[in-house]
Amino acid sequence: IIKLAQLSVCPVVPVVFAGSAQLRIGSWDRMIIPVPFSRGLYGYGPELRFRRDGFSPAAALARLQAGLDHAMAQTSRQLGVDFSG
């Protein structure tokens, strides 16, 4: 997504979804499946732009991760659920 954002000169908006009750799958990505009838909420982080000049892949990935973490923290606060685990 970072490379596409650079090539297209389009911003990236980190988007997350969280449910008030969920099942966590023990896979590599720790996928979460919301339980039926639980409350769900979408959240988003700050708009991110990735420039081509002075590009550092590690720094770009860290910025994207920070944006996703910010969105998830904000969403979990609104739901009253801790997703840090």
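Leaving aside neighbours within four places in sequence, which residues is Leu-48 in contact with? They are Pro-11, Val-12, Pro-14, Arg-63 and Leu-64. Contact means heavy atoms within 4.5 Å.

This is a predicted model, where local features need pLDDT of at least 70, side-chain atom pairs count only at pLDDT 80 or more, and totals for chains, interfaces and linings use all residues. Residues are numbered from 1 along each chain as its sequence is written, and side-chain values use heavy atoms, with hydrogens and water left out.

Leu-48 also belongs to the largest nonpolar core. Its 7 residues are Ile-2, Ala-5, Val-12, Leu-48, Phe-50, Ala-60 and Leu-64. Such a core is a set of buried Ala, Val, Leu, Ile, Met, Phe, Trp, Tyr and Cys residues joined through side-chain atoms within 4.5 Å. Buried means under 20% relative accessible area with a 1.4 Å probe, protein chains only. Helices H1 (2-8) and H2 (57-79) each supply at least two core residues.

The chain runs α-β-β-β-β-α. Helices (H or I, at least four residues) and strands (E, at least two) are DSSP runs, numbered from the N terminus. The radius of gyration, over C-alpha atoms, is 15 Å, well over the 12 Å that the globule rule gives for 85 residues, so the chain is more spread out than a compact globule. That rule is 2.2 Å times the number of residues to the power 0.38.

| Whole-chain item | Value |
|---|---|
| C-alpha box along the principal axes | roughly 45 × 25 × 20 Å |
| Buried residues | 25% of the 85 residues |
| Contacts joining residues at least 24 apart, among those at least 6 apart in sequence | 67% |

Conventions:
Buried means under 20% relative accessible area, exposed over 50%, partly exposed in between (1.4 Å probe, protein chains only).
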